[in-house]
Amino acid sequence: AATQPLQRHQLPVSAWRKNSRSCIQLGDVRSFKESGHTGDADELLCAVGGIIGSELPDRVARKELFEAHAVARVVDRHFPEETEITEFCAGCGLLGIFLMLLNPRRRVRCSDKKKQLLACRLQDALTVHWPFLQGITWEEEDARHGQLKTRGELVASCHACSVLSDEVILTARRGRSPLVLVPC
């Protein structure tokens, strides 16, 4: 059975609600391709969104895609020379992926209490197009117990909720690390 086209499929990606919790779907792929090709939206954002839509439909919220991309752009603009980055409370690792896509020389470490199956699938799907993404490493650490550690690298986090934001801030401070944090 064919799925009904959604209203957003008639719109360029730039006109979509960026804070929607709706997941990226197979029907979104065409919009991502057109918007990336015409310059309506960032080409990298659209390439990643299109791959997610075709390879992992209904798994990643649009909000997560747009926010991870925006935070990665902030890091890239304000810390262009930082090549060592840790993403705490990484979830599916999308921020770390964008950080490495924006600068393949970076070494990115993602950290969360448990590596999600979606993180594995997302990295695998995108590595087909960008093999250097294999270089992203993962560590399982629970931020709620004050166990996070840095080695002076830039600390980035998008969606560190509630007390997790406090832990990320304290960790960056203890390690004298630059910090980019966008809480929920």
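Tutor: Here's a walk through the sheet, then its helices, then its salt bridges. This is a predicted model, with local features needing pLDDT of at least 70 and side-chain atom pairs pLDDT 80 or more, while totals for chains, interfaces and linings use all residues. Numbering starts from 1 along each chain as its sequence is written, and side-chain values use heavy atoms, leaving out hydrogens and water.

So, the sheet: it's open, with five strands in the order β3-β2-β1-β4-β5 and parallel pairing (at least two DSSP bridges per pair; strands are E runs of at least two residues, helices H or I runs of at least four). At the edges stand β3 (137-140) and β5 (179-182), and since each has a single partner strand, one side of each has no neighbour in the sheet. On average, neighbouring strands are turned by 20° against each other, direction ignored (axes are lines fitted to C-alpha atoms, angles running from 0 to 180 degrees between N-to-C directions).

Strand β2 (residues 107-112) is joined to β3 by four bridges, the two running parallel; S111 has E139 of β3 as its bridge partner. On the β5 side, helix α6 (residues 163-174) lies across β1 (84-88), β4 (154-158) and β5, at about 175° to β5.

Among the buried residues of α5 (residues 117-127) are L118, L122 and L126 (buried is under 20% relative accessible area, exposed over 50%, partly exposed in between, 1.4 Å probe). The cover over that buried set includes α2 (43-55), α4 (94-102) and β3 (contact is heavy atoms within 4.5 Å).

Now the charges. There are eight salt bridges (Lys or Arg side-chain nitrogen within 4 Å of an Asp or Glu carboxyl oxygen). R109 and E141 form one, their closest N and O atoms being 3.6 Å apart. R109 is in strand β2 and E141 in the loop between β3 and β4, 32 residues away; both residues are buried.

R106 counts as buried at 1% relative accessibility, whereas D76 is partly exposed at 22%.
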